[in-house]
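Dear colleague,

I am passing on the structure below, together with some notes on what was found in it. Please read them with the sequence beside you.

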Amino acid sequence: MKKYRLRLLIYLGILVGIGAVLSLSCFSTWRQISDNHKTKEELTNKYNELLESEESLEGEVVKLQDPEYVAKYAREKYLFTKDGELIIDMGSVKE
């Protein structure tokens, strides 16, 4: 009877050990899958932002091919003038 109980305890211990290893393995795999889903969502959001940025930049490229737009942009951004124009920069005035 003692041999039977000893065998039973040994088998039970082996089964509990195998169950623990399998549980840890499943938990680790589940956590990795969860992390991959979060990473995929972040990368998808970044990709969509880059697509929007690309569309905006493509529109800017089209505009910059127009000489009138380039001249207007240079006057506004870099304070270039046409002949006879005077620039009054209100941004540097302090109250």
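By about how many helical turns are Y69 and Y73 separated in helix α2? Because they are four residues apart in helix α2 (residues 67-78), Y69 and Y73 are separated by about one helical turn, a helix being a DSSP run of H or I with at least four residues, numbered from the N terminus.

Please keep in mind that this is a predicted model, in which local features need pLDDT of at least 70 and side-chain atom pairs count only at pLDDT 80 or more, whereas totals for chains, interfaces and linings use all residues. Residues are numbered from 1 along each chain as its sequence is written, and side-chain values use heavy atoms, with hydrogens and water left out.

Rings of Phe, Tyr and Trp (its six-membered ring) pair if their centres lie within 6.5 Å, and planes under 30 degrees apart count as stacked, over 60 as edge-to-face and the rest as tilted. The count by this rule is two aromatic pairs. The rings of Y69 and Y73 have centres 6.2 Å apart and planes at 25 degrees, so this pair is stacked. Y69, at 24% relative accessibility, is partly exposed, and Y73 is also partly exposed, at 32% (buried means under 20% relative accessible area, exposed over 50%, and partly exposed in between, with a 1.4 Å probe and protein chains only).

Turning to helix α1 (residues 2-64), E54 has its place there and counts as partly exposed at 41% relative accessibility. I18 is also found in helix α1, and at 46% relative accessibility I18 counts as partly exposed.

With kind regards

Note on methods
Helix = DSSP H or I, 4+ residues; strand = E, 2+ residues; numbered from the N terminus.
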